[in-house]
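Please view the sequence and structure before reading on.

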Amino acid sequence: MNERNGTARPGRLKWYAKTYIGAILAFLYLPIFVLIFNSFNESKSRAYFTGFTLNWYKLLFTNDLIISSLRTTLVIALLSSVVATIIGTAAAIGISNMKKLPRAVVMNLTYVPIINPEIVTGVSMMLLFGLFNVFFAWLGDSAGVKVGFEFGFPTLVLAHITFNIPYVILNVMPKLRQMDQNVYEAALDLGCNEFQAFIKVVIPDIMPGIVAGFLTAVTMSLDDFVISYFVSGPTSQTLPITIFSMTRRKVSPEINALSSIIFVVVLAALLTVNLFDARRERAARRAAGGGVAI
């Protein structure tokens with residue numbers, strides 16, 4: 001600290017900043033690196049490293065339970081995210097056309113499922129699906145036909161669609177606020193009907209919000225455990241539920257291998273997107289610089 005003007009020296013401040021950032025990154029990534037290190041440990045013990053091996057990765061791809069759970073998780077995440085994106089986008093467009101007071105009320109109701117604890121949502125959906133099961137059973141008995149509503153894949157998809165819709169709405173709404181309504185009206189004046197103007201003007205303008213909502217829905221669906229735990233059945237389980245059932249006994253090194261693969265895939269996707277965006281920004285700057293020079 002400079003005593004004359006009361007300011008910190010830039011070099012010392014920079015050293016403190018680097019130390020702080022390094023400590024935060026170590027706190028976040030050190031557990032993941034330990035997990036990856038243990039995925040190559042020949043021993044099942046997490047305290048001793050007895051040798052390097054890829055055996056746990058080989059056993060992972062021959063474990064039918066994990067592969068089946070992973071397949072179920074991916075299918076549920078993609079299917080529920082697509083449906084939630086369609087419903088959420090339509091809902092956001094409808095909400096944006098409401099008057100101020102009804103729009104504020106609906107938006108506050110949209111925040112409730114996100115703020116609400118997941119265990120409350122999971123129990124509520126479990127009770128609702130149980131009520132559906134009783135209703136369908138009564139309906140089947142009345143008609144003399146055996147009708148059932150079992151917990152499993154359908155309940156998981158419906159639950160994931162339900163809690164993903166608010167995330168899509170909250171991602172699309174800012175883009176609708178930023179959209180210039182004059183462009184839509186200009187498309188109508190130039191000969192487009194309402195559907196053509198919606199497809200050619202509104203959808204491309206809010207597409208970044210739609211994509212962000214879809215990716216958020218996929219992420220939340222892949223990561224969900226609490227709600228899926230209450231609405232899953234014996235025939236269909238997501239990967240988090242399968243991992244939880246394994247950890248209740250003992251953590252298998254196959255879980256370390258699977259977690260390492262997921263981390264590497266996510267990291268590779270993130271780096272690819274960032275490199276693509278950086279290259280596109282450089283190309284845009286070069287194009288803008290060339291235009292100025294002309």
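## The largest pocket

In this predicted model, 23 residues line the largest pocket, and Thr 219, Leu 222, Asp 223, Ile 262 and Val 266 are the ones nearest its centre. The elements that each give two or more residues to this lining are helix H2 (55-61), H3, H8, helix H10 (239-247) and helix H11 (253-293). With 7 residues, H11 gives the most to the lining. The volume of the largest pocket is about 810 Å³.

## The cavity

Rolling a probe the size of a water molecule over the atoms shows where empty space is left. How many cavities of 30 Å³ or more does a search of the whole structure find? The search finds 1.

The largest cavity holds about 50 Å³ of space. Its lining is made up of Asn 38, Asn 41, Ser 43, Lys 44, Ser 45, Arg 46, Val 251, Ser 252, Pro 253 and Asn 256.

## Helix H8

Helix H8 covers residues 194-223 and has a kink of about 55° at Met 207. At the start of H8, the backbone nitrogen of Phe 195 lies within 3.2 Å of a side-chain oxygen of Asn 193.

Several residues of H8 are buried, among them Ala 197, Val 201, Val 202, Ile 203 and Ile 206. Further along the helix, the buried residues include Gly 209, Ile 210, Gly 213, Ala 217, Val 218 and Ser 221. What covers the buried residues of H8? The cover includes helix H3 (64-96), helix H6 (153-178) and helix H7 (181-189).

## The nonpolar cores

The largest nonpolar core has 27 residues. Within this core, the residues with the most contacts are Val 172, Met 173, Leu 176 and Ile 206. Two or more residues come from each of H3, helix H5 (118-143), H6, H8 and helix H9 (226-231). Which element gives the largest share of this core? That element is H6, with 11 residues.

For Met 173, leaving aside neighbours within four places in sequence, the contacts are with Ala 92, Ile 95, Ser 96 and Met 107. There is also a second, separate core of 9 residues, including Trp 56, Leu 60, Ile 66 and Leu 239.

Key
Residues are numbered from 1 along each chain as its sequence is written. This is a predicted model: local features need pLDDT of at least 70, side-chain atom pairs count only at pLDDT 80 or more; totals for chains, interfaces and linings use all residues. Side-chain values use heavy atoms; hydrogens and water are left out. The bend at a residue is the angle between axes fitted to the seven residues ending there and the seven starting there. Helices (H or I, at least four residues) and strands (E, at least two) are DSSP runs, numbered from the N terminus. Buried means under 20% relative accessible area, exposed over 50%, partly exposed in between (1.4 Å probe, protein chains only). Contact means heavy atoms within 4.5 Å. A polar contact is a pair of N or O atoms within 3.5 Å; within protein, one must be able to donate a hydrogen and the other to accept it, and residues adjacent in sequence count only if both atoms are side-chain atoms. A nonpolar core is a set of buried Ala, Val, Leu, Ile, Met, Phe, Trp, Tyr and Cys residues joined through side-chain atoms within 4.5 Å. On a 1 Å grid over the protein atoms alone, a cavity is a set of points where a 1.4 Å probe fits but cannot get out, and a pocket is an open set with protein on both sides within 12 Å along at least five of seven lines; lining residues have an atom within 4 Å of a point. Grid points are joined across faces, edges and corners, and a volume is the space filled by probe spheres set on the points.
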